[in-house]
Amino acid sequence: MNQWKNFTKGFIKENPVFVLLLGMCPVLGTTGTAINGLGMGLATTFVLFMSNTVVSLIKNVIPDKVRIPSYIVVIATFVTIVQMVMQAYLPSLFESLGIFIPLIVVNCIVLGRAEAFASKNTVLSASIDGLGTGLGFAFALTLLGAARELLGSGKIFNFEILPEQYGMLIFILAPGAFIALGYIIAITNRLNKQKA
Amino acid sequence: MAKLESTFRNMLVALFGVTLIASASLGLVYNVTKSPIERAELEKQNNAIAAVLPQFEELGTAYKKFPPEGRDSVDIFPALDQNGEIVAHAVKSYTYSGFSGYIEIMVGIDVNNTITGFRVLRHAETPGLGSKMEQWHNDTEKPGQNIVGRTLNEEGLKVSKDGGDVDAITAATITSRALMDALNRANATVSDLDSYTGATPVNN
């Protein structure tokens with residue numbers, strides 16, 4: 001039951017985007033469309049899962065004073081692997097995510113989970129936490145991407161829902177990201193409050 | 001197992017070990033993905049060449065040529081008909097003046113300097129705005145914004161804000177302007193080439 005809690009807390013209670021407000025740069029930058037948000041979210045999920053597992057595995061052989069550089073090397077390695085694999089087998093997604101993939105390295109949610117959770121817990125808990133947090137991140141990015149795509153160009157996942165001329169351009173640009181994010185955070189806070 | 005002490009030796013060994021394993025695994029993945037990446041890029045380029053050119057028999061030898069102005073050479077792929085005559089060129093051109101910098105395009109230009117098609121190969125324009133350039137300037141129902149089928153002259157194409165007759169993408173004029181720059185660069189390079197080899201444009 002405990003592991004299940006570990007897994008689900010990343011979705012609502014400790015959602016990295018809506019509650020912890022970590023890693024805002026890719027959140028605002030990549031969520032112009034739902035598919036970009038989903039791709040970025042899944043890439044981050046993979047990196048989080050792998051880095052959390054590995055950091056938890058090696059936590060005892062890494063002396064405290066060099067733990068941050070060691071974790072960053074682990075994270076950067078997985079990000080580069082994701083980048084090369086994506087470039088080789090999913091070239092079109094790689095193109096639309098472009099420069100945001102290398103930026104996963106400096107996404108504070110990844111290092112945050114490694115430092116705050118994986119380095120203090122068992123391998124199983126850490127990998128489940130990584131997966132849960134990552135999927136929560138992917139969920140948040142997809143939701144935000146879908147909302148912005150719908151309001152901005154009348155589509156979701158490229159399916160036309162409203163005619164494009166009704167779209168509000170601002171939602172595709174950065175200011176729209178802040179506005180949409182603000183509303184979603186308000187809704188999540190409201191939901192969390194009801195539960196408590 | 002107790003945590004290792006932060007002595008100089010332990011830190012050195014730990015960091016060395018971590019980086020060694022990291023670089024070894026990266027090298028492995030690099031080797032595995034190297035040829036698929038190259039294949040994907042080549043396939044993309046070939047698809048783009050086929051998409052932008054009119055009917056042709058075979059591709060001639062590709063070569064690089066320096067444009068009259070610009071920082072880098074462009075790649076030119078001549079398309080030949082069954083008699084070995086050049087019917088059009090596919091030109092891989094570029095511009096640095098996009099809203100987010102570099103844009104690379106493949107454009108087909110026939111011997112009458114008419115654009116037969118274009119594809120955007122690489123860009124970093126704003127999603128939903130500048131990223132629409134390929135569909136926008138390919139829209140045959142809107143002659144104002146469509147550029148395929150236009151004949152390029154020495155002045156080149158310009159967006160209407162600059163006194164030309166191409167309707168730029170709504171809220172992304174800079175992207176359209178950059179695209180025109182890349183197209184004009186392609187045309188200038190190819191046209192220059194005709195005078196250089198002494199070949200005269202042939203009607204086909």
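A: **Where chain B meets chain A**

The contact draws on 31 residues of chain B and 28 residues of chain A. The model is a predicted one, and every value here is computed from it. The size of an interface is often stated as the accessible area that is lost when the parts come together. Here chain B and chain A bury about 2,500 Å² between them, and 73% of that area is on carbon and sulfur atoms. Three residues, B:K3, B:V18 and B:L26, supply 21% of the area that chain B buries against chain A, which is more than any other three residues supply.

Helix α1 of chain B, residues 8–52, gives the largest share of the side that touches chain A, with 18 residues. Sorted by class, that side of chain B has 19 nonpolar, 7 polar and 5 charged residues.

Side chains of opposite charge can pair when their charged atoms come close. Between chain B and chain A, the count of salt bridges is 0. The rule also finds 0 residue pairs in polar contact across this interface, with both residues required to be at pLDDT 80 or more. Over all chains, the count comes to 8 salt bridges. One of them joins B:K92 and B:D75, whose closest N and O atoms are 3.7 Å apart. B:K92 lies in strand β4 of chain B and B:D75 in strand β3 of chain B, so this pair ties together parts that are 17 residues apart in sequence.

Finally, there is a nonpolar patch on the surface, formed by A:V85, A:Y89, A:L90, B:L28 and B:V32, with about 490 Å² of accessible area together. A:V85 lies in helix α4 of chain A.

Conventions:
Residues numbered from 1 in each chain as written. Chains lettered and ligands numbered in written order. Predicted model: local features only at pLDDT ≥ 70, side-chain atom pairs only at ≥ 80, totals over all residues. Heavy atoms only, no water. Contact = heavy atoms within 4.5 Å. Buried area = accessible area lost by both parts, 1.4 Å probe. Salt bridge = Lys/Arg side-chain N within 4 Å of Asp/Glu carboxyl O. Polar contact = N/O pair within 3.5 Å; in protein donor to acceptor, adjacent residues only side chain to side chain. Helix = DSSP H or I, 4+ residues; strand = E, 2+ residues; numbered from the N terminus. Nonpolar A, V, L, I, M, F, W, Y, C, P; charged D, E, K, R; others polar. Patch = residues over 30% accessible without salt bridge, like charges linked within 9 Å, V, L, I, M, F, W, Y side chains within 5 Å. Areas by Shrake-Rupley, 256 points an atom, 1.4 Å probe, with all protein chains shown as cover.
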